[in-house]
Amino acid sequence: ADDPTVYRDEDEVEPWRALDPIDRMETFLRETGRIDDEGVAAVREEADEVVADAIDAAESIEADPADMFDHAYAELPPDLRRQRDELLAAVDDHGEDAFLRE
């Protein structure tokens, strides 16, 4: 996961929090009486379920590691071709299981 504290100071981030569109929309909906705590909880629960379903679907796919190089370019640039070849050689040397995350 990306850790923004490595390259961004918290003082730089804080002013932008007030502009977060999700928070602003929630504030608007609350102020206009269109949503309450129960509504917010329901939306969050549904969002959590949608994300969990998407994660389950993504994790259920048996992907070939070489596929990540397909369809990005009409012709694979030399650096990416070299990286693909190195990956395939490493898989051949160490087996697919060495690259699986548990």
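# Pockets and salt bridges in a predicted model

Q: Which helix supplies the largest share of the lining of the second largest pocket?
A: The largest share, five residues, comes from H2. Helices are DSSP runs of H or I with at least four residues, strands are runs of E with at least two, and both are numbered from the N terminus. This is a predicted model, in which local features need pLDDT of at least 70 and side-chain atom pairs count only at pLDDT 80 or more, whereas totals for chains, interfaces and linings use all residues. Residues are numbered from 1 along each chain as its sequence is written, and side-chain values use heavy atoms, with hydrogens and water left out.

Q: What counts as a pocket, and which residues line the second largest pocket?
A: On a 1 Å grid over the protein atoms alone, a pocket is an open set of points with protein on both sides within 12 Å along at least five of seven lines; a cavity is instead a set where a 1.4 Å probe fits but cannot get out, and lining residues have an atom within 4 Å of a point. In the second largest pocket, the lining consists of Ile-22, Asp-23, Met-25, Glu-26, Leu-29, Ile-35, Val-40, Val-43, Arg-44 and Ala-47.

Q: Which residues lie nearest the centre of the largest pocket?
A: Of its 14 lining residues, Ile-61, Ala-63, Phe-99, Leu-100 and Arg-101 lie nearest the centre. Helix H3 (37-59) and helix H4 (78-94) are the elements that give two or more residues to this lining. By class, the lining of the largest pocket has nine nonpolar, no polar and five charged residues.

Q: What is a salt bridge, and how many does the structure hold?
A: Side chains of opposite charge can pair when their charged atoms come close. The cut-off here is a side-chain nitrogen of Lys or Arg within 4 Å of a carboxyl oxygen of Asp or Glu. The structure holds eight salt bridges. One of them joins Arg-17 and Glu-10, at 2.6 Å from N to O.

Q: Which parts of the chain does the salt bridge between Glu-26 and Arg-44 link?
A: In this salt bridge the closest N and O atoms are 3.2 Å apart. The pair links distant parts of the chain, with Glu-26 in helix H2 and Arg-44 in helix H3, 18 residues apart.

Q: What network involves Asp-37 and Arg-30?
A: The side chains of Asp-37 and Arg-30 meet in a salt bridge of 2.7 Å, N to O. Salt bridges that share partners join Glu-26, Arg-30, Asp-37 and Arg-44 into one network.

Q: Is Asp-37 buried or exposed?
A: Buried means under 20% relative accessible area, exposed over 50%, and partly exposed in between, with a 1.4 Å probe and protein chains only. Asp-37 is exposed because its relative accessible area is 54%. Arg-30, at 34%, is partly exposed, as is Arg-44 at 49%.

Q: Leaving aside neighbours within four places in sequence, which residues are in contact with Arg-84?
A: Contact means heavy atoms within 4.5 Å. With those neighbours left aside, Arg-84 is in contact with Phe-69 and Leu-76. Arg-84 is placed in helix H4 and is partly exposed, with a relative accessible area of 23%.

Notes:
Ala, Val, Leu, Ile, Met, Phe, Trp, Tyr, Cys and Pro count as nonpolar, Asp, Glu, Lys and Arg as charged, and the others, Gly among them, as polar.
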